[in-house]
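I wanted to keep a careful record of what I looked up in this structure, one topic at a time. The entries below follow the order in which I went through it.

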Amino acid sequence: MSATTGLFVTFRLDGAEYAFALTDVVELTRVLPITPVPRTADRVLGVATWRGKTIAVLDVAAYLKRRTRTPDAKGRLLVLGRPDPFAVLIGEPGRVLRAEDATPVDLAEGGGPGDAAGVSLVRTAAGLVRVVDPACLLGDPHTLLAEGR
Amino acid sequence: MKPVQPWSRSRAVAVLASGALPLAACALVLGPSAWRSPSFPLALGAGLLTAIVAGGIVTRPLVRRLSAWDARLREATARLEEAERRAADGRVDPVAMLDGIDVPPAATDESMEEALSELAAALQDEERVRERRRTRETDVRAAVRASKDLGGGEGDPVLTRLPALLADVDSGVRAIREACDGVLQQTIASGEVSQMVWNNAQAGKETSARATGQTAELEARIESFSKLVRRLEGRSREIGQVLLVLNDITEQTNLLALNAAIIAAQAGERGQGFGVVADEMRNLSERASSSTKETEILARTLQDDVTKASQNMSEASEAVKRLRQALAESQENGALLADLGRKNVDATRSALGSAERQAADARDLAGKLRELRDVKERLEVLDRERLGPMRATLADSGTLLEELWQLGALRDNLKSRLEGGIQAIRDHRGRESRDREALRQRLLDLRESGRVWRSALEDGRHRDDLVRDLAREIHTLAISAKDR
């Protein structure tokens, strides 16, 4: 386990605190101009240009069945890079936390409201934090297109 | 043969007719109830006596003329009788006797008519005298009534009511004097109040003028302050814009600090120092964000306050404008009030003069009332000393008037009877005139017969027969004249 394995970047979404693993996070940035893409899944907001690259922009609130928000000036995008970078619209950005127990608990089955596949619980000094797996959030590109039909 | 006196009987008949005929007419009019009255014979006798006397008086000139004519007729009758006697003795000349007979002239009728006209004129004069007497009667009756009203009679006489009336007038005058005094006092008080109102109105007018000036100054200051507040509002908006920039910078710093923390965490142990810087940056960003938020709140509060102050200043400016307008109106009202106060003072002075005049009039009235009371006392003395006998005299006059009225009624009755008598005399005279005319005609015929007889006598034929016939005729004529 590397030194960064037990670190998470948190954010608040609809009153709940979520996190991504620090190893998945590339950059926290403002909301970029987003171009909508038709016939895609609901969580796909569109595409944006980040550092000269066209990246997909996803809405994690839609994925987690939380109340969505419009990507306005106060919104923030968290750029994740696995394997290709993509951005996730989050609510209020949090901080970098270190997990006390690095073993995540999968809540795909038996989780509460707002939980979805790829969400696990991690105990931190501030309490339990729901960690979202970017791979589950991104899914298969074909699936993203098929869901939009 | 006994001498015939036809006019004595005629006179009696006329007199009786002039009295008895109206009396009989009255009796017929009154009816059997009057005939059965116990006093009817007495009244009948009195009426007859009155009628006879009145008839005698009224018919005196007529009778005088009738007597003259009667004398001449009697003389003619005597001559006829003498002629008859001589004819019987055969030693008379009937024609000569006839020539000596004086035929009654027709002028006797004119004399009789003249006498009747004089009698009618006398009756008209009497009617005028009666009218004057009726007028006097009315005057005396009015005097009697006035005497009764003055206090001598029954009912509600003036002298009896006069004390009560004087007492009422006295109390009324006293009440008027008290009312005048009250009005005087109230007028004085009202005048003082009016003077105070006037003074206060003048002071209020000056105060309003000063307040108007101060209000204008206040309005200018408020306008200046409003401009200042509007500038402050602009500055506040500028502060808001600056705070937006600061907020943006803070967020950017926060973002930068978070990215630095991420990079530092990803750098592992080598990035620990950078992680400290990132933490400090993050703390700095949080403090800046907190301060920016506080400043933003303060700026928003300041902006709201400035906006409220601006609104309040606008409202204050409007209020000052309204106040100035109200002060202007108040100034006008104060001027009007002062004018009214001045007029009220003038009116109060006038009312004061009127009240004083009324009080003087009330005093004069009281003095006149005292004089009236003296007059009343003198009237009472006069009533006791003079009006009493006068009233008794008037009462006697009333009684006398009643008797006069009764006499007037008797006189009316007598007048109607007299007029009836005159009519009867006229009728009788008409009959006498006709008889006289017949007698004259007979005498003329007899004279013609005498001339015939004379010619026959001259002829010597039937002298004795003619004389006898003539004697018989003369005898018949004499008997007829005697009857008349």
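**Aromatic rings.** In this predicted model, I found that ring pairs link A:Phe11, A:Tyr18 and A:Phe20 into a cluster. I used the rule that rings of Phe, Tyr and Trp (its six-membered ring) pair if their centres lie within 6.5 Å, with planes under 30 degrees apart counted as stacked, over 60 as edge-to-face and the rest as tilted. By this rule I have two aromatic pairs over all chains. The rings of A:Phe11 and A:Tyr18 have centres 6.1 Å apart and planes at 25°, so I noted this pair as stacked. A:Phe11 and A:Phe20 also form a stacked pair, with 5.4 Å from centre to centre and 20° between the planes.

I then asked myself: is A:Phe20 buried or exposed? Buried means under 20% relative accessible area, exposed over 50%, and partly exposed in between, with a 1.4 Å probe and protein chains only. A:Phe20 has 0% relative accessibility and therefore counts as buried, A:Phe11 is buried with a relative accessible area of 0%, and A:Tyr18 is buried as well.

**How the model was read.** My notes number residues from 1 along each chain as its sequence is written, and letter chains from A and number ligands from 1 in the order in which they are written. Because the model is predicted, local features need pLDDT of at least 70 and side-chain atom pairs count only at pLDDT 80 or more, while totals for chains, interfaces and linings use all residues; side-chain values use heavy atoms, with hydrogens and water left out.

**Nonpolar cores.** A nonpolar core is a set of buried Ala, Val, Leu, Ile, Met, Phe, Trp, Tyr and Cys residues joined through side-chain atoms within 4.5 Å. The largest one has 31 residues, and those with the most contacts inside it are A:Phe20, A:Val60, A:Leu64 and A:Val88. Among the elements that each supply at least two residues of this core are strand S2 (16-21) and helix H1 (60-63) of chain A, together with helix H7 (158-267) of chain B. Apart from it I found another core, of 10 residues, including A:Val31 and A:Ile55.

**Strands.** For elements I took DSSP runs numbered from the N terminus, with helices (H or I) of at least four residues and strands (E) of at least two. Chain A has three helices and 11 strands. Six strands of chain A form an open sheet in the order S3-S7-S8-S6-S5-S4, with mixed pairing, where two strands pair if DSSP finds at least two bridges between them. Which strands lie at the edges? They are S3 and S4 of chain A, each pairing on one side only. S7(A) and S8(A) run antiparallel and are joined by six bridges, and A:Leu80 stands opposite A:Phe86 in S8(A).

**Between the chains.** Contact means heavy atoms within 4.5 Å, and the contact takes 14 residues from chain A and 11 residues from chain B. The buried area, which is the accessible area (1.4 Å probe) that two parts lose on being put together, summed over both, is about 1,200 Å² between these chains, and carbon and sulfur atoms give 60% of it. On the side of chain B, B:Leu255, B:Leu258 and B:Ile262 lose the most area to chain A, together 39% of what that side buries.
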